[in-house]
Amino acid sequence: MKSRIAANKVLVDSNTIENNLMIERDDNGRVRRMVCITDLQVEPSSTSFYNGLITTDIDLSKREIGVSVLDLVSDALVLGYEGRLLLWQNLSLSEFRIKEETKVIEI
């Protein structure tokens, strides 16, 4: 069963941030489609929308207050990506810096 997730910010790579990007994964967790939901006529059913920033897997031991998440990303979010996806909440969305109240969950 495929899953669809979206967030107000998605970090595609360290230089590319997309707004309202939907990520569709197959049964094995492999990214099979990415599309901006604001460009769609209708949002696909069963899309879980999150507030925050979605990134590819990051070594969370390097997470420190004041560090920019952009500096921690090493894998780009591309079709075929099979790694973990992380949701960063309570993050400074203007500079993407980690704050004391920042939470990270795997989605």
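This is a predicted model: local features need pLDDT of at least 70, side-chain atom pairs count only at pLDDT 80 or more; totals for chains, interfaces and linings use all residues.
Let's start with the charged pairs. Side chains of opposite charge can pair when their charged atoms come close. Here the count comes to nine salt bridges, and three of them are set out below.

| Salt bridge | Closest N to O distance |
|---|---|
| E24 and R4 | 2.8 Å |
| R30 and D26 | 4.0 Å |

What about R30 and D26? R30 has a relative accessible area of 32%, so it counts as partly exposed. D26 is partly exposed too, at 22% relative accessibility.

E101 is partly exposed with a relative accessible area of 41%, and K99 is partly exposed at 33% relative accessibility. Elsewhere, salt bridges with shared partners join R4, E24, R32 and R33 into one network.

Now for T102. Where does T102 sit? Its place is in the loop between β5 (85-89) and β6 (103-106). Is T102 buried or exposed? With a relative accessible area of 11%, T102 falls under the 20% cut-off and is therefore buried. Its side chain reaches the backbone oxygen of N90 at 2.8 Å. Leaving aside residues up to four places away in sequence, T102 touches W88, Q89, N90 and L91, so N90 turns up both as a polar partner and as a contact.

Notes:
Residues are numbered from 1 along each chain as its sequence is written. Side-chain values use heavy atoms; hydrogens and water are left out. Helices (H or I, at least four residues) and strands (E, at least two) are DSSP runs, numbered from the N terminus. Buried means under 20% relative accessible area, exposed over 50%, partly exposed in between (1.4 Å probe, protein chains only). A polar contact is a pair of N or O atoms within 3.5 Å; within protein, one must be able to donate a hydrogen and the other to accept it, and residues adjacent in sequence count only if both atoms are side-chain atoms. Contact means heavy atoms within 4.5 Å. A salt bridge is a side-chain nitrogen of Lys or Arg within 4 Å of a carboxyl oxygen of Asp or Glu.
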